[in-house]
Amino acid sequence: MSRLGTITRRAFLVGSAAVAGGVAFGVYTVRKPHANPLEDGLADGEAALTPYVRIDAEGVTLITPRADLGQGAYHVQAALLAEELDVALEDIRVDPGPPSGAYWNTAMAEEAAEFMVPSQGILQAGAATVVGSVMKVMGLQITGGSTTVPDGFDKLRAAGASARETLKAAVAAREGVSVGDLTTEAGHVVLPDGTKVAYAELASDVAGMGVVQNVRLRQPEEWRYIGKPMRRIDMVAKSTGTQDYGIDVEIEGMVHAAIRLNPAQTGPLNSFDASEAEQMRGVKAVVPVTGGVAVVADNTWRAFKAAEAVKVKWGKAPFPASMEQHWAALGEAFAEDTLDSRNRDDGDVDGALGGGEVIEAEYRAPYLAHAPLEPISAVVRVDDDGAEVWTGTQIPRFVQQNVARVAGVDADNVVVNVLMMGGSFGHRLEDEVVKQATEIAVTMKGTPVKLTYSREEDMTHDFPRQIAMGRVRGKVAGGRVETMDLSIAMPSVMASQMGRQGQPVPGPDSQIVAGAWNAPFAIPNHRVTGYRAPELAPISSWRSVGASSNGFFYNAALDELIHAAGADPLEERLRLCDDPLARQVLEAVAEMSSWDGPLGEGRGRGVAFVQSFGVRCAEVVEVSQGDRGLSIDKVWVAAEVGRVVDPVNFENHVQGAVVWGLGHAMNCEITYADGRAEQSNYHAFEGMRMWQTPEIMVRGLENGERVTGVGEPPVPPAAPALAGAIFAATGKRLREMPFSKFVTFA
C-alpha cells in the first residue's frame, strides 16, 4: 500500500489534496505530495493529523505556516482549520510550524497566470496549473501577495475535515459504533449516548489507521466562524502588551550584536579601525560582515554605542548618486530595446493618435521605505553540524537555505523558528539580517548571537519600493474617452529581490504593469506598455508592489482624459466598465458615497479603481480646503473578495491599507544623495498623523467565485482617489508623489 494509504506509528498524512495544498482532493499535474514535516520530532503521545494539526495530551495545536505580520494571519488560518475540525477558536494553540515544501503557497500562481493569460477561463486555469506545479516542486513557502486567505480557504478546511473524520473513525473502531452515529464538538468526539472523548486522548489510536480522505466540507449555512465577526486570537496579548515579537526573544547564553553598514547601500567596506570600540565596556568582539562591520557586546545598547565608535572608510554605491540621475534613467528607459511587456493593446492606438489634439502627461512615484514599527532582528546559533534561527520572516525556506550556505552546514540541520512580527509591509521578504547574524555566529560557534538593527540602520538599509514613471498620451471625442496609451518605466522589483536569493527571474516582470494593464475599461484604443529601467537602488516588494505606483499612474491619467472630455469621473468609469464584477464594485462605492456630481466650493471628491491580486477595489476620497490646508474627511471603499472570512478583521485590513496608501501619497519619499538614503527615521518619513485620519467606510462584496485576500488591494486606489479629490477641490492637478510638495495638508 502507498504511503498515503497508511499511517505511521505516531503520525499520519492526509492524502494528496491537504498535503499538496490544492482544492479538496483534486487531480494534480504534479501528484507526488510533500512529506508531512510534523513526522520528525514528534514526542511520545503526540500525533500529526495532517501537516496542519498536531495533537498531544494537552490538546490541539493548529499549524499556521503563513507568517503573522500583524495582519491576523494566525487567526484566520486557525479559524479556517477550526471551522471543520470542531475546536473552539478561543481554546486553540497555534504554531507557525517548520520550513517545509508541504506548506507551498498555492495562491501565488493565480497572479502570475493572470499576467500570462489575460482572459479568464480554461487557458488561465491551465496557466495557473503550470505555474502552480513549478511552485509546488520548489516548495515555495512564502507569505505575501495577499494570499493567506486564498491559499488556505480550501486546503485548511480540507485538512481540518480530514483530521476530524479520522478522529471519529478512531473512536468508532474503539467503541464499536458506526462513524455515522458520531459527532464532534469543541475538541471532542461525541458518542450516541452523549459521552465525549477528547481529541487529546486519541493520539495513540490514530497510529496505523487508514486515512479518511473522502470528506464533505460544510456548507456556508453550517459555518460557525466563517463570515461571522470574531475576536482575534491575539487580541488579548496585543491589548495588554504581553505579545512577544521577534525583537523580544531571549535565548540562554545569548550575546548581542549591532551593525554598521555602508550608508551608500551595497557599497563596499574599504577599511575600519575598531580600537576605540574594542575598549568599551561590555564589548566582546568586532566582526567584519558583508558590506560592513558588527560589534558584539553584552547588551544591545552597548553594542549600538560601540558600533558608532568604529572608524570606517566606505566605498561608493554601485548605483547613481543623485535623484536627478535616477529620474533621468527612468526617462531614458522609454525605448524599444527596453520594452518589457505589452499585455494590453486594443484597437489602433497609433492610428488614433496620429492627428488632432493629443493630451500628454508624465507621472512620478518615489522610492518608499517599508518602515515597520519593529526594526529587523535575528538570533542565530551555529554549531559544528547545524544551526538554529529565531526571527520574524516571510520566507522561512530561503532563510533555512541561506543560513546553511553561510554556515557551511546541511539545510536539513538548520532549524528555523518563525516569530510574530510587528509589521512588515514586505520588509521581511528579505533576510539580510539573518545572513549577517549567521556570519557573526560562525565566529562564535555554540553561542546564540542576536543582531538588532537600530531604527536608522533599518530605514537607510531597507530595500525600498521601486521608483517609477508613467507617461500617457490620449484623445477624447464626443464627451468620451476614446484613446489611452499608458507607458510605465521602472526597474524590475522581482529581479532585484530574487537576485539576492540567487534566483533568476526569466521573462517579463509582471509588476512593471501590475494594476494598470488589466483595468476593466473598454476604451476603444487602449494600450499599456511596460519598460524595464536599468537597476538603480536595490528594491523589494512593498505593500501592493507594482500596483502601488501603477494604480496612481493609470487612474490619474484616466482622470485627465475624462476631465478633457467633460465627463464625470465615476459615470465615465461606469460607462467604460466591461467587467460585471468591477461594475458592481463601482456601483457599490457610488451608492455608499452618494456620488451625485461635484461638491460645493473648496470641497471635492475623487474616485479610483484598481484590480490587483485578483481583487477589484474602488475608493472615493472626499477632501475640504480650510485655513490650515487640505483635510481628508471621508473615504469609502468597496472590494470584491469572493468571501469575507472575518468581517471585523476585513474592515481593519481595509482601513489600515487606506491609511497606509494615503499617508505615503501625502508625505513620504526616500531620496538619495551621494548614493545615500537621506531619510533615517520617522521624523523625515512621517506618513499620516492621527488627527489627519479620515472616517473610512468599508464594504466587502461576495459576488465572485474566487476567494481572495485584501491586505494589499486597497492601497493602490488611495493615492489617485486623493489626487482626484484635490483637483476637484482646488483645481491643482497632481502628477507626482508625495503630494505635500505641491499642497498643504491640515
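Which backbone oxygen does the side chain of Ser593 reach? That of Val589, at 2.8 Å. Bear in mind that this is a predicted model, where local features need pLDDT of at least 70, side-chain atom pairs count only at pLDDT 80 or more, and totals for chains, interfaces and linings use all residues. Residues are numbered from 1 along each chain as its sequence is written, and side-chain values use heavy atoms, with hydrogens and water left out.

- Ser593 sits in helix α17 (residues 580-593); helices here are DSSP runs of H or I with at least four residues, strands are E runs of at least two, and both are numbered from the N terminus.
- With 2% relative accessibility, Ser593 counts as buried (buried is under 20% relative accessible area, exposed over 50%, partly exposed in between, using a 1.4 Å probe and protein chains only).
- Setting aside neighbours within four places in sequence, Ser593 is in contact with Arg605, Val620 and Trp636, where contact means heavy atoms within 4.5 Å.
- Asn550 belongs to helix α15 (residues 545-565), and its 0% relative accessibility makes it buried too.
- The side chain of Asn550 makes a polar contact with the backbone oxygen of Ile512 at 3.1 Å (a polar contact is a pair of N or O atoms within 3.5 Å; within protein, one must be able to donate a hydrogen and the other to accept it, and residues adjacent in sequence count only if both atoms are side-chain atoms).
- Not counting residues up to four places away in sequence, Asn550 touches Ile488, Met490 and the run Gln511, Ile512, Val513, Ala514, Gly515 and Ala516.
- Asn550 and Met469 are 81 residues apart in sequence, yet their C-alpha atoms are 8.8 Å apart.

**A loop residue and a strand residue**

- Gln71 is in the loop between β3 (59-63) and α2 (73-85), and it is buried, with a relative accessible area of 18%.
- A polar atom of the Gln71 side chain lies 3.1 Å from the backbone oxygen of Ala67.
- Beyond four places in sequence, Gln71 touches Thr143, Thr148, Arg232, Asn649 and His653.
- Pro288 is placed in strand β10 (residues 283-289) and counts as partly exposed, at 48% relative accessibility.
- Leaving out neighbours within four places in sequence, Pro288 is in contact with Phe272, Val293 and Glu439.
- Phe272 is 16 residues from Pro288 along the chain, with 8.9 Å between the C-alpha atoms.

- Helix α8 (residues 300-309) has Ala303, Phe304, Ala306, Ala307 and Ala309 as its buried residues.
- The cover over those buried residues of α8 includes β8 (255-261), α7 (275-278), β10, β11 (292-297), β12 (311-314) and β18 (449-452).
- Asn299 caps the N-terminal end of α8, with a side-chain oxygen 3.2 Å from the backbone nitrogen of Trp301.
- Helix α12 (residues 432-442) is mostly covered, as eight of its 11 residues are buried.
- The buried set in α12 is Val433, Val434, Lys435, Gln436, Ala437, Thr438, Ile440 and Ala441.

**Nonpolar cores**

- The largest nonpolar core has 80 residues, and those with the most contacts inside it are Phe521, Leu722 and Phe739; such a core is a set of buried Ala, Val, Leu, Ile, Met, Phe, Trp, Tyr and Cys residues joined through side-chain atoms within 4.5 Å.
- Leaving aside neighbours within four places in sequence, the contacts of Phe521 include Arg344, His526, Tyr554 and Phe609.

**Cavities**

- The count comes to eight cavities of 30 Å³ or more.
- A cavity is a set of points on a 1 Å grid over the protein atoms alone where a 1.4 Å probe fits but cannot get out, and lining residues have an atom within 4 Å of a point.
- Grid points are joined across faces, edges and corners, and a volume is the space filled by probe spheres set on the points.
- The largest cavity has a volume of about 80 Å³, and its lining includes Arg465, Trp542, His664 and Met737.
- α18 (647-667) gives the most to that lining, with three residues.
- By class, the lining of the largest cavity has eight nonpolar, three polar and one charged residues (Ala, Val, Leu, Ile, Met, Phe, Trp, Tyr, Cys and Pro count as nonpolar, Asp, Glu, Lys and Arg as charged, and the others, Gly among them, as polar).

How values were computed: 1 Å grid on protein atoms, 1.4 Å probe; cavity = no way out; pocket = protein on both sides within 12 Å on 5 of 7 lines; lining within 4 Å.
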